[in-house]
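Visitor: Please take me through one part of this model closely, namely the nonpolar core and the helices around it. I would like the terms defined as you go.

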Amino acid sequence: MEIVGTLLAIFLSGLRGATPLLYVLLGETVTERAGIANLGVEGQMLSGAFAGFAATVVTGNPWIGLMAGALCATLLSCVHAVLCLVVKANMFASGVAVWVLGGGLSAFFGIPFVGRRIDGFVAPDFGSLKDMPLVGPLLRTLTPTVLLALVLWAVLGWFLYRTRGGLRLRAVGESAESAATMGVAVMRVKWMAILGGGALSGLGGAALSVDQVRNWIEWMTAGRGLVAVGLVIVARWNPWLALPAALLFGVVEALTLRMQTWGVPVSSYLLSTFPYMVCLAVLVWGYVRARTRGGMPKDLAQAFARTE
């Protein structure tokens with residue numbers, strides 16, 4: 001029973017830790033399905049984390065913080081949309097520019113908020129159910145940001161494969177030219193995909209600062225945005241696979257923290273790299289699989305091919 005409890009605790013910690021990553025992963029999946037890669041999600045996530053925390057400090061309402069984070073990252077994603085769709089700049093160079101811009105602006109404007117703390121969200125009250133042995137810990141993990149991420153995961157999976165809007169989005173990513181001949185407003189779809197991806201990455205950043213860490217630290221995302229870009233390949237551009245891909249990072253990260261408390265004779269600095277090393281190994285496997293068995297939107301594959 002003790003082993004079951006330990007495994008459950010690791011899984012629940014992993015689910016909570018994977019929540020910000022899941023938001024970003026869903027957003028990047030939507031963007032890349034439209035044939036646009038956005039390496040700037042790290043900067044968007046940072047801007048969302050700062051805006052969400054700052055708005056929560058000012059208003060005392062974490063829900064306003066979430067909305068502020070999503071709005072701020074959406075505005076930053078407009079830079080990527082303008083550079084890619086209007087200026088016709090290289091999408092990878094544009095993404096790096098957005099990444100640096102978001103990180104720099106959040107660090108500068110976040111200086112007055114360093115060291116401050118907020119109350120953040122609390123898990124809903126499930127009554128006597130929260131005291132049950134196995135169900136209780138699960139329910140206490142389901143804070144509003146976790147529940148919202150799971151709802152968005154289900155909604156985006158349904159949207160992409162069960163609606164006309166999702167069909168248009170996938171068609172644009174496969175061949176924008178063919179989609180245009182069928183009457184699809186290609187530019188509008190790409191704009192909405194980029195802005196939607198920006199909003200979700202901002203939600204991920206705000207969930208990190210408002211719900212999990214509950215303070216502001218420069219570059220607090222610690223590369224999670226870039227991990228999400230890689231895990232899109234592992235999830236094969238399928239929103240249904242985004243949750244297990246995000247859980248991969250979250251559970252390994254939770255396991256790493258447990259290994260430190262267990263006194264594993266390995267440097268804590270090396271242990272902290274373990275989640276990223278696992279994701280890197282899975283990413284390489286996913287990239288090889290995508291190259292040999294397909295799955296990548298064809299317009300996006302052509303963009304990658306031009307960089308090789």
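Guide: The expected span of a helix is 1.5 Å times one less than its number of residues, where helices (H or I, at least four residues) and strands (E, at least two) are DSSP runs numbered from the N terminus. By that rule the 19 residues of helix H2 (residues 41–59) should span 27 Å, and the end C-alpha atoms of H2 are 26 Å apart, which agrees. This is a predicted model, in which local features need pLDDT of at least 70 and side-chain atom pairs count only at pLDDT 80 or more, while totals for chains, interfaces and linings use all residues. Residues are numbered from 1 along each chain as its sequence is written, and side-chain values use heavy atoms, with hydrogens and water left out.

Of the residues of H2, 16 of the 19 are buried, so this helix is largely enclosed by the rest of the structure; buried means under 20% relative accessible area, exposed over 50% and partly exposed in between, with a 1.4 Å probe and protein chains only. Just after H2, Gly 60 takes a positive phi of about 75°. For the protein chain, the secondary structure comes to 14 helices and zero strands, and 49% of its 308 residues count as buried.

Turning to the core, a nonpolar core is a set of buried Ala, Val, Leu, Ile, Met, Phe, Trp, Tyr and Cys residues joined through side-chain atoms within 4.5 Å. The largest one has 69 residues, and those with the most contacts inside it are Leu 22, Leu 25 and Leu 231. Its largest share, 10 residues, comes from H9.

Leu 231 lies in helix H10 (residues 224–234) and, at 1% relative accessibility, counts as buried. Although Leu 231 and Leu 25 are 206 residues apart along the chain, their C-alpha atoms are separated by 7.2 Å. With contact taken as heavy atoms within 4.5 Å, and leaving aside neighbours within four places in sequence, Leu 231 is in contact with Leu 21, Leu 25, Ala 245, Ala 246 and Cys 279. Under the same exclusion, Leu 22 is in contact with Ala 149, Trp 153, Ala 242, Leu 243 and Ala 246. Across the protein chain, residues 24 or more positions apart account for 78% of the contacts with a separation of 6 or more.
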